[in-house]
Amino acid sequence: MTEAPGASNGTDTYGTVEPRVPLAEARVVLAGLGVTGRSLQRVLEPRVASLVTVDDKAHDADHGALDADGASAVLAGADLLVASPGFPPHHPLVAAALAAGVPVWSEAELAWRLRANRLGTDEPAAWLGITGSNGKTTTVEMLAAILRAAGLRTAAVGNVGRSLVEAAMDPALDVLAVELSSFQLHFTHTMSLQAGAVLNVSADHLDWHGSLAAYTRDKGRIFERVQVACVYNVADPTTEDLVREADVVEGARAVGFAVGTPGPGDLGLVDDVLVDRAFHADHDDPDRRKTAAELGTLADLKQLGDHNGVVPTHIVADALAAAALARAHGVPASAVRDGLRSFGPSEHRIQRVAEAGGVTYVNDSKATNAHSAAASLAGFAHGTVVWIAGGLAKGATFDDLVSSRADRMRAAVVIGADPGPLADTLARHAPKVPVVVIDPGDTETVMRRAVTAARDLAQAGDTVLLAPAGASQDQFVSYAQRGEEFVRVVRDLTTTR
């Protein structure tokens, strides 16, 4: 790691950073009026000189779809573009802003600039940030549970829970647990987290970023200007490389987490005990080189285990990452244990829905890429799975996923507007696994047909697992709607069978 030179006030490799005028005098263009965009609109309207909105689906937007000429016209005289994640760098509006030297900010950048001081203090709330291809939501919610157990006023925000920009302006919060996507990080320029973590990096969102290298580089932006700790995954060398390349505040340290014996300065697992060899000298022990602080045990995570009571490795890794961030904030070991004990499964993330006829039904709709689906399948090592999968691949392939997890599959049910790529991959790498392809023609019944097929293929002791390995927007509004439909259909079919 190298020391940060301080916040940029000119340009960086992601374009101009600072508007020509203060925000209160700025003419701002807001791109996107989805959930994030509406929050940004509410915050910006009373705080800027003028606000122009762009969205090709919202009827109340000032402008709809734009070509290059239209984008240039909208940006004429603009001081700032605030872009929602649905507007990638190659979108005509964003590309025109970059070419014209108009600063482009993400929600995270705007939120960082508008932070309010905590009640009774002269300092804003600290931010603890998490990114990664898989496990972000689970980890950020674990982190929030640990912080609450320490008596802190906190919220899990960003891609989960409250809007980041609105939470950042809430003076009642002591610390934010922030989930950050690669989209948000791309146009985030001045954020300085107290501690940040990259959980893992695998091919995802390549259609947005253009390449794996660009996607990885944007993930690494979470470490820029970190104040206390850059948390990385010992099992994923890419995450450690990102720490080495980061410009950080003097004194910030690199802290690894490993599902195994930790080295000095890391967190890890010894037998069934989660231990800290990084921060315990600060809080619990005068000599961290020789001893470790106990943070909890696998029994504290038993509520997150599979139906055989086994806690998946990736859940343990998420818990260690959350613990590292909390410890960087000064949370005692006892609060880590209490927070992990109190934490329950998230909706749409390894959510056990029902059991009928000896078959367990699990909703992991948030497994929106191959890496997260592989982790989901790995959690069922003690049984066989009827796998429901498919959706938007976002430029990724499924070869490694299928070849490495075929031994877990009794059968597969393929959904998606274009089921061909996944079905072909299953035929190549898992030829003995029966595959049912659901005709995409009737979108409204796709989940019912998929769950019915999976139920008919399953045997007693199996798990029917929705872990799509793709985004949802080809057939559903969101991964949440996809998961809700799975839950509804499962409960309907298992109670009327």
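In this predicted model, Glu-109 touches Phe-187, Thr-188, His-189, Thr-190 and Met-191, leaving aside residues up to four places away in sequence; a contact means heavy atoms within 4.5 Å. Because the model is predicted, local features need pLDDT of at least 70 and side-chain atom pairs count only at pLDDT 80 or more, while totals for chains, interfaces and linings use all residues. Residues are numbered from 1 along each chain as its sequence is written, and side-chain values use heavy atoms, with hydrogens and water left out.

**Glu-109 and its helix**

- Glu-109 belongs to helix H4 (residues 107-113); helices (H or I, at least four residues) and strands (E, at least two) are DSSP runs, numbered from the N terminus.
- Glu-109 counts as buried because its relative accessibility is 0%; buried means under 20% relative accessible area, exposed over 50%, and partly exposed in between (1.4 Å probe, protein chains only).

**The parallel sheet**

- An open sheet is formed by 4 strands in the order S5-S4-S6-S7, with parallel pairing; two strands pair if DSSP finds at least two bridges between them.
- Strand S5 (50-54) and strand S7 (104-105) are the edge strands, each with a single partner strand, so one side of each has no neighbour in the sheet.
- Strand S6 (residues 80-83) runs parallel to S7 and is joined to S7 by 2 bridges.
- Val-82 is placed opposite Trp-105 of S7.

**Helices on the parallel sheet**

- Helix H1 (residues 35-44) packs on this sheet, where H1 touches strand S4 (27-31), S5 and S6, and its direction makes about 165° with that of S4; axes are lines fitted to C-alpha atoms, for helices over the stretch in contact, and angles run from 0 to 180 degrees between N-to-C directions.
- The buried residues of H1 are Gly-37, Ser-39, Leu-40, Gln-41, Val-43 and Leu-44.
- The cover over these buried residues of H1 includes S4, S5, S6, H4 and helix H6 (164-168).
- Helix H3 (residues 92-100) lies across S4, S5, S6 and S7 and runs at about 145° to S6.

**The mixed sheet**

- Another open sheet has 6 strands in the order S18-S19-S23-S20-S21-S22, with mixed pairing.
- Strand S18 (351-356) and strand S22 (435-437) stand at its edges, each with a single partner strand, so one side of each is without a neighbour in the sheet.
- From one strand to the next, the twist averages 15°.
- Strand S20 (residues 385-389) pairs in the parallel sense with strand S23 (residues 463-466) over 4 bridges, and Val-385 has Thr-463 in S23 as its bridge partner.
- Helix H16 (residues 420-429) lies across S20, strand S21 (409-414) and S22, at about 155° to S21.
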